[in-house]
Structures are given as C-alpha cells and as structure tokens.
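Trainee: I am new to this structure. Please show me how to read its features, one at a time.

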Amino acid sequence: MGIEENIFKLSMAIKEFDRLAKKSEKEHLKYEKKVKDAIQKKQIKVAQTHAQTSILHKNYAVNYIKLSAQFDAIKGKLQTAAEMAKVVNSIKDVTQSVEKTMDMVNLDKIAETMTKFEEGSMNIDQITTHINQETGRVLQNTAPQREVDDYILQLSDEHNLKVKRKFDQLVIDQEGQEVKENVSNENSKIAT
C-alpha cells in the first residue's frame, strides 16, 4: 500500500469524522430542545436526563472534530513524507551540483544552493510543530452533574424559564413561587 493510498484513506476518514460531528451536533440541538420542553413541563429529572444526553452529543461532536484535525495532521505528515521522497531526490541533485560547484569553487552558487535547501527544511519543521501540537490534545467524553445543572440553568435563563438551585439540587418553581422542601424531614427519614 503506497503513501498516496493512505493519504486517500485518511481523507475519507476525515470526511466521515466531519459527517459524524455534524450528526452529533444535530442530536445535541435536538436534546437541548427536549431539555427546554421538560423544564417548561416542570419535569426536572427528565430535563436532567436530556441535558446529560445533550452534553454527551456535544462532547461527541467536539471529539469528532478533534479526531478529524488529528487525522488531518497525520495526513499532512504523510504528504510531507511523500514530498520528502521528492526532496531526497532534490538533495541528491543539490549534492551533485555542490560537488560540481566545489570543483569550480564558486561560493555564490554554493550559497544559493544552500539557501534553497534551508527553505525546504524550515517548511518541514513548521509542519512537524503543527502536527505535534494537534496530536497532543486529550479527548473528553463525560458530563459531570455540575455541568449538567449549569447547562440546564443556562438554557432556562435563555428561554426565561423558572428554575432555582436549592441545596445543590435543581427545583422547578410553580408559577414563579419558590418551592419549599422539608429537608430536615427527608434527612430524618434517611437516618431511620
């Protein structure tokens, strides 16, 4: 299998990751709407479940985009390798040219030849630095409860829905009235 074939396969994988990212983004928006609807219906548990799913799909979309970028970086490395083969041939020609030039001791031609060589190696260094930065990122697939609660509060604020944070739990207000929970009764039930 040649380098060109691998480059083609990576291009196809990149397109697939981009497609999956768009699909996950659609799912994220679909569940975001379900969170809003559940909040309006005063169903906080349902809203939390949909919020977790929405965040999960959002993270999937981000991860697919990251994978696409990483595969693109790998594709760039392979393209660089293919070009390196060409550079090797070019270096061979340069070396022969340097030998001929050395025979004639023409320092201007040597300087010109070395400048061309340095330009090629600087491009490779820049590509390698970029690839190393892209492949060093870590993927994240979890949605902590705090993030879910914050997300529900954000959506409720955006859509002017009544949600309150009370005792580190979300509580939906009835008609804008603050819900009063008897926490001491619940704690005493748990203790017995």
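Trainee: Is phenylalanine 17 buried or exposed?

Mentor: Buried means under 20% relative accessible area, exposed over 50%, and partly exposed in between, with a 1.4 Å probe and protein chains only. Phenylalanine 17 has 16% relative accessibility, so this residue counts as buried. Keep in mind that this is a predicted model, in which local features need pLDDT of at least 70, side-chain atom pairs count only at pLDDT 80 or more, and totals for chains, interfaces and linings use all residues. Residues are numbered from 1 along each chain as its sequence is written, and side-chain values use heavy atoms, leaving out hydrogens and water.

Trainee: How many aromatic pairs are there?

Mentor: Rings of Phe, Tyr and Trp (its six-membered ring) pair if their centres lie within 6.5 Å; planes under 30 degrees apart count as stacked, over 60 as edge-to-face and the rest as tilted. Here the count is two aromatic pairs. Phenylalanine 17 and tyrosine 64 have ring centres 6.2 Å apart and planes at 25°, so they are stacked.

Trainee: Which helices hold phenylalanine 17 and tyrosine 64?

Mentor: Helices (H or I, at least four residues) and strands (E, at least two) are DSSP runs, numbered from the N terminus. Phenylalanine 17 is in helix α1 (residues 3-40) and tyrosine 64 in helix α2 (residues 44-104), so the pair ties together parts 47 residues apart in sequence. Tyrosine 64, at a relative accessible area of 23%, is partly exposed.

Trainee: What kind of pair do phenylalanine 17 and phenylalanine 71 form?

Mentor: That pair is edge-to-face, at 5.1 Å centre to centre with 80° between the planes. Phenylalanine 71 lies in helix α2, 54 residues from phenylalanine 17 in helix α1. With 24% relative accessibility, phenylalanine 71 counts as partly exposed.

Trainee: Which residues make up the largest nonpolar core?

Mentor: A nonpolar core is a set of buried Ala, Val, Leu, Ile, Met, Phe, Trp, Tyr and Cys residues joined through side-chain atoms within 4.5 Å. The largest one has 12 residues, among them Val35, Ile55, Tyr151 and Leu161. Two or more of its residues come from each of α1, α2 and α4.

Trainee: What does tyrosine 151 touch?

Mentor: Contact means heavy atoms within 4.5 Å. Not counting residues up to four places away in sequence, tyrosine 151 touches His28, Glu32, Ala51, Ser54 and Ile55.
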